[in-house]
Amino acid sequence: MTMNNPVPGYLFLKVILVWLALSMAGFFWGNGLASTMTPFYEFVTEAASTDYVAAISVEERQEDAIVLAATAIRAKQITPSRALPAGTTISSDISVLHTLVPLIIFLTIILCWPIKSWQQSGWIMLFAIPSFFCISAVTAPIQLLGLLEMGFQNAANQAGFAREESFALKWMLLTEGGGRWLIPALFGLACGAISEKMIKNNH
């Protein structure tokens, strides 16, 4: 069974409405989604850095935040003469709404992709679910780690020590430089394109 392709004007209007609807949903229910994702964020954080035991929570503030409390498993060297003692807990945080932006971009593309058949709809959702978790993995948890590393970097710089930048810090700077917009867009476009290829191969 095929579906009619939308005209450009209709598609543009749909994108605007879906973006607004998802943004409103994030505003009202973003804390709930973020809380649901915290075990996944903790898993990714500990996989990305074996230096810490991670505890991630959502705190209601003037601007609600996802907070990482990272406890050092071993002493972490900051400068040749200064280290973070093992067992010390340090924290970083990012706003919930800031975290939701990449997911809103991704879901807007998925929900607005021109669907030609119910079969394609099934394919695009099949690819969208793991993509959602991939985007979540490479944004919030790595950014929280990157903020910790930025604190170490600033302390080292103040001591006049040139400390090598960690992967988490480099990735955080990349995503904050536009990657957090580009990554979900690429995932969304890839899901749509692959779903179209799958239905063409099946015809």
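Predicted model: local features only at pLDDT ≥ 70, side-chain atom pairs only at ≥ 80, totals over all residues.
Trainee: How many aromatic pairs does a search of the whole structure find?

Mentor: The search finds six.

Trainee: Why is the pair of F27 and F28 called edge-to-face?

Mentor: Their ring centres are 5.2 Å apart, with 90 degrees between the planes.

Trainee: What makes F27 and F28 count as buried or exposed?

Mentor: Exposed means over 50% relative accessible area. F27 has 56% and F28 has 53%, so each counts as exposed. Ring pairs also link these two with W29 into a cluster.

Trainee: And what is the arrangement of the rings of F40 and F133?

Mentor: That pair is edge-to-face too, because the centres lie 5.3 Å apart and the planes meet at 75 degrees. F40 belongs to helix α1 (residues 8–48) and F133 to helix α3 (residues 118–138), so the pair ties together parts that are 93 residues apart in sequence.

Trainee: Why is F40 not called buried?

Mentor: Buried needs under 20%, and F40 has a relative accessible area of 22%, so it is partly exposed. F133, at 36%, is partly exposed as well.

Trainee: Where is the kink in α5 centred?

Mentor: On G178, with a kink of about 80 degrees.

Technical notes. Residues numbered from 1 in each chain as written. Heavy atoms only, no water. Phe/Tyr/Trp six-rings, centres within 6.5 Å; stacked < 30°, edge-to-face > 60°. Buried < 20%, exposed > 50% of the residue type's maximum accessible area, 1.4 Å probe, protein only. Helix = DSSP H or I, 4+ residues; strand = E, 2+ residues; numbered from the N terminus. Bend = angle between axes of the 7 residues up to and from the residue.
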